[in-house]
Amino acid sequence: MRSIGKTHKSIRGFLWILPSFLGVVVFYLLPYADVVRRSFLGAVDNRFVGLENYKTVIGNTAFLLAVKNTLLFTLICIPVLILLALLCAVVLYKSKYGGIIKSAFLMPMALPAVSVALVWRVLFHSQGLLNHWLLGIGIAGSDWMNTKNAFWILLVSYIWKNLGYDIVLWMAGLAGISTNIYEAARVDGAGERQCFFYITLPNLKSSFFTITVLSFLNSFKVFREAYLVAGDYPHESIYMMQHLFNNWFRAFSFDKMAAAAVMESGVLLVLILLLQKAWDSKEE
Amino acid sequence: MKTKIRLIRGKIGGRRMQRRINSKGILGKAGHLVVWAFFILLAAIVLYPIIFLISGSLMGNDELSNYLGAVFLGKEGYADFPFLPMFPTLRHYVEICLDSPEFFVMFWNSVKITFGVLIGQFVVGTMAAWGFAKYDFLWKKGFFVLYMILMLLPFQVLMLSDYLVLDLFHLTDNLWGIILPGVFSTFPVFIMYRFFVEIPESLLESARLDGAKEWQLFRSLALPVGSSGITACMVLGFLEYWSLIEQPLIFLKEKSLFPLSIFLPDITNVGRSGMAFAASVITFLPALLVFLGGQDYLEQGIMAGAVKE
């Protein structure tokens with residue numbers, strides 16, 4: 001009797017998910033299964049080719065370049081953003097005008113990529129505004145988007161767009177720390193520096209994991225600006241996975257695309273599961 | 001007497017605040033000023049592109065080609081840009097609103113895509129989030145992990161097969177082909193889940209004892225109590241879908257279906273650079289309004305991703 005009631009309840013619960021899940025199956029899971037299938041098939045005749053596509057992709061120079069750039073970008077941009085946001089959050093958290101400045105930092109989130117692209121073109125052109133300003137203080141400029149500097153411009157764009165987002169996340173973490181701990185530490189004679197390193201930082205550990213994941217998620221979106229400013233074939237320092245996929249798609253190289261997609265999702269899956277594990281172990 | 005005490009308290013409070021700010025060490029008043037100068041400078045840099053766009057959209061074509069000719073027209077020298085236009089004009093806005101039917105079409109496409117996705121998420125996403133938050137079912141944890149993984153999967157991984165699926169349903173070159181995958185995005189489910197989980201179980205139980213049906217619980221309990229979470233989701237969703245690039249770029253060939261977010265007029269042409277600015281500002285305005293109206297919700301939505309169960 002009990003088990004029937006339980007089954008009934010479990011079906012009822014699943015009904016809430018059902019509409020969403022059907023859509024997920026049609027628009028996400030089936031396509032993914034199809035990507036996996038395609039990664040083992042030839043592009044033209046759909047013949048089974050085993051791991052041939054994977055071998056081609058791994059030997060492909062464009063693929064290696066895109067992987068290198070995407071990895072380098074992620075490895076630099078995420079730590080820089082997270083640290084800078086932490087610094088800002090700690091200072092802004094307790095201050096009177098923190099709210100206004102936080103709003104200013106959040107504003108770029110609302111600026112559509114097209115509008116950003118227009119500004120970037122004027123700023124970073126070889127005869128653009130940035131070079132003009134630099135000339136004013138006696139520094140030689142550069143053709144920013146067509147040299148290696150493009151990478152750093154993209155990095156700055158990412159930080160510019162996401163700083164507010166991460167500050168809000170850190171502030172939420174800071175708000176979760178009870179003030180009693182600080183009071184107690186001060187009574188025991190702890191200074192500001194000690195409070196920060198022995199109370200604030202350890203207590204922010206759990207926020208740290210989520211902020212990393214969300215910053216990672218947002219790092220894919222920097223492609224929007226990169227694409228609108230530099231098009232399909234930007235300077236090779238900012239040729240990302242997204243550019244590669246777009247170009248392969250246009251060239252009908254579906255075999256290579258599928259193999260690369262499976263590899264990318266595999267790497268992401270491992271990363272996500274590792275982070276999840278770290279998350280769960282922190283929760284106990 | 002009381003005011004005096006309050007004054008003293010205020011002073012102590014102020015001191016403490018100052019001490020927190022100087023967490024790097026004993027910087028004193030000068031250090032305090034330096035920190036704030038740094039922040040104001042940083043905020044100015046962050047806001048500069050917005051001021052730039054608005055100012056440019058109000059300049060006449062002559063003024064623009066004067067300042068930006070070096071970039072767009074291949075003139076000698078460098079681009080220059082004042083904070084405010086010398087001769088402000090609304091000509092470009094008038095031009096866009098009266099003489100550019102294609103701009104209107106794109107604006108409506110953006111509206112259709114954004115609201116189509118948001119309405120769909122509101123129906124499908126809230127239900128799923130509610131199910132995950134308050135019901136038990138087989139493999140619930142597995143489903144939830146699956147949703148989280150899908151939320152983190154970049155668009156490019158599924159782009160090819162998404163295209164084939166849409167083709168199967170004859171949805172390529174159709175706005176529905178952009179809207180439907182957005183509706184079933186798992187990110188809003190995750191964010192709303194965080195808000196629904198907070199609703200105390202006892203509230204549900206007492207409503208059930210009063211004879212409320214499950215559907216009624218959802219309608220008259222989940223939706224109103226979780227409304228801030230839903231709004232937060234809608235604000236995040238608006239900013240995301242209003243600025244969509246990859247999907248329309250891949251799934252739409254027909255120019256009359258393009259949304260504003262991939263519209264960038266040919267600014268190398270003298271007569272068009274002013275319009276590019278005005279179009280950028282007009283694209284930005286709805287997002288700005290949503291941002292200003294929903295900033296509190298936006299922050300709650302962002303934070304919902306960080307707060308643990």
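Mentor: Leaving aside its neighbours within four places in sequence, A:Ile159 is in contact with A:Val80, A:Leu81 and A:Leu84, where contact means heavy atoms within 4.5 Å. This is a predicted model, in which local features need pLDDT of at least 70, side-chain atom pairs count only at pLDDT 80 or more, and totals for chains, interfaces and linings use all residues. Residues are numbered from 1 along each chain as its sequence is written, chains are lettered from A and ligands numbered from 1 in the order in which they are written, and side-chain values use heavy atoms, with hydrogens and water left out.

Trainee: Where is A:Ile159 placed, and is it buried or exposed?

Mentor: A:Ile159 sits in helix α7 (residues 149-175) of chain A. Helices (H or I, at least four residues) and strands (E, at least two) are DSSP runs, numbered from the N terminus. A:Ile159 is buried, with a relative accessible area of 12%. Buried means under 20% relative accessible area, exposed over 50%, and partly exposed in between (1.4 Å probe, protein chains only).

Trainee: What separates the C-alpha atoms of A:Ile159 and A:Val222?

Mentor: Their C-alpha atoms are separated by 9.7 Å, and the two residues are 63 residues apart along the chain.

Trainee: Now chain B. How many helices and strands?

Mentor: Chain B has 15 helices and zero strands. Of its 309 residues, 54% count as buried.

Trainee: Which residues of α9(B) are buried?

Mentor: Helix α9 (residues 187-197) of chain B has nine of its 11 residues buried. Among them are B:Phe190, B:Tyr193 and B:Phe196.

Trainee: What do the buried residues of α9(B) pack against?

Mentor: They pack against α5 (101-134), α6 (140-152), α11, α12 (227-242) and α15 (295-304) of chain B.

Trainee: Switching to rings. How many aromatic pairs over all chains?

Mentor: The count comes to 40 aromatic pairs over all chains. Rings of Phe, Tyr and Trp (its six-membered ring) pair if their centres lie within 6.5 Å; planes under 30 degrees apart count as stacked, over 60 as edge-to-face and the rest as tilted. A:Trp16 and B:Trp215 form a stacked pair, 6.0 Å centre to centre with 10° between the planes.

Trainee: Which helices does that pair come from?

Mentor: The pair crosses between chains, from A:Trp16 in helix α1 (residues 2-38) of chain A to B:Trp215 in helix α11 (residues 214-225) of chain B. A:Trp16 is buried at 7% relative accessible area, while B:Trp215 counts as partly exposed at 48%.

Trainee: And A:Phe249 with A:Phe254, why is that pair tilted?

Mentor: Their ring centres are 6.0 Å apart and their planes are at 40°, so the pair is tilted. Both A:Phe249 and A:Phe254 are buried.

Trainee: Last topic, helix packing. At what angle do α5 of chain A and α3 of chain B pack?

Mentor: Helix α5 (residues 113-124) of chain A and helix α3 (residues 61-72) of chain B pack at about 85°, with their axes 9 Å apart. Axes are lines fitted to C-alpha atoms, for helices over the stretch in contact, and angles run from 0 to 180 degrees between N-to-C directions. That makes α5(A) roughly perpendicular to α3(B). Angles under 35 degrees count as roughly parallel, over 145 as roughly antiparallel, 65 to 115 as roughly perpendicular and the rest as oblique.

Trainee: Which residues make the contact?

Mentor: On α5(A) they are A:Leu118, A:Arg121 and A:Val122, and on α3(B) they are B:Leu68, B:Val71 and B:Phe72.
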